[in-house]
Amino acid sequence: MLIKLLTSKIQLPFFSSKVAAGFPSPADDYVQKGLSLDELLIQHPSSTYLATANGDSMTGCGIFNDDILIIDRSVTPAHGDIVIAALDGELTCKFLNLRLNQLLSANPRYPPISINSEVDLIIEGVVTSSIRRHK
């Protein structure tokens, strides 16, 4: 099922200083400019779609169950890209290894999937970002 991606022009405050994720540092209260999440995350709106990750095969690269994936169909898949592939009619999210002709998980519990003439493979797009809710 496809759900229409609504565009928004909401501008959120964007602090120019980075937030310490280790030892705290003095923060300055300087707000630089507004930041549109649409513009940050979506380069080609007409060829972009969203999907929800299911499972744990990509946790090694930071994609977890129920994360929202932003997928761009206009990006040409390259070696090392995270892609959405229709493999024998089933959608999967994997790394594309063009040198070994394989789809690779980011979790060592899952074996590589060989890309050969025996499988029906269609690359549906390149994952450009993922979104995870923390609360």
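This is a predicted model: local features need pLDDT of at least 70, side-chain atom pairs count only at pLDDT 80 or more; totals for chains, interfaces and linings use all residues.
pLDDT is the predictor's confidence in each residue, from 0 to 100. Residues are numbered from 1 along each chain as its sequence is written, and side-chain values use heavy atoms, with hydrogens and water left out.

**Exercise 1. Find where confidence is lowest and highest in the chain.**

Step 1: Start with the average, a pLDDT of 85, with 76% of the residues scoring at least 70.
Step 2: Now list the elements. Helices (H or I, at least four residues) and strands (E, at least two) are DSSP runs, numbered from the N terminus. Here you get 1 helix and 9 strands, in the pattern β-β-α-β-β-β-β-β-β-β.
Step 3: Strand E2 (residues 31-35) has the lowest confidence, at a mean of 65, and strand E7 (residues 102-104) has the highest, at 97.

**Exercise 2. Work out the strand order of the open sheet.**

Step 1: Two strands pair if DSSP finds at least two bridges between them.
Step 2: Follow the pairs and you get E3-E4-E9-E5-E6-E7-E8, 7 strands with antiparallel pairing.
Step 3: The ends of that order are the edge strands, E3 (48-52) and E8 (113-114), each pairing on one side only.
Step 4: Zoom in on one pair: E4 (residues 68-72) and E9 (residues 121-131) share 5 bridges, and Ile71 sits opposite Val127 in E9.

**Exercise 3. Pick out the largest nonpolar core.**

Step 1: Such a core is a set of buried Ala, Val, Leu, Ile, Met, Phe, Trp, Tyr and Cys residues joined through side-chain atoms within 4.5 Å. Buried means under 20% relative accessible area, with exposed over 50% and partly exposed in between (1.4 Å probe, protein chains only).
Step 2: The largest core has 11 residues, including Ile63, Ile71 and Val127.
Step 3: E4 and strand E5 (82-87) each supply at least two residues of this core.
Step 4: Apart from it lies another core of 5 residues, among them Val83 and Leu96.

**Exercise 4. Explain why Asn97 counts as buried, then find what its side chain reaches.**

Step 1: Locate Asn97 in strand E6 (residues 90-97).
Step 2: Asn97 counts as buried because its relative accessibility is 10%.
Step 3: The side chain of Asn97 reaches the backbone nitrogen of Arg99 at 3.0 Å and that of Leu100 at 2.8 Å.

Terms used
A polar contact is a pair of N or O atoms within 3.5 Å; within protein, one must be able to donate a hydrogen and the other to accept it, and residues adjacent in sequence count only if both atoms are side-chain atoms.
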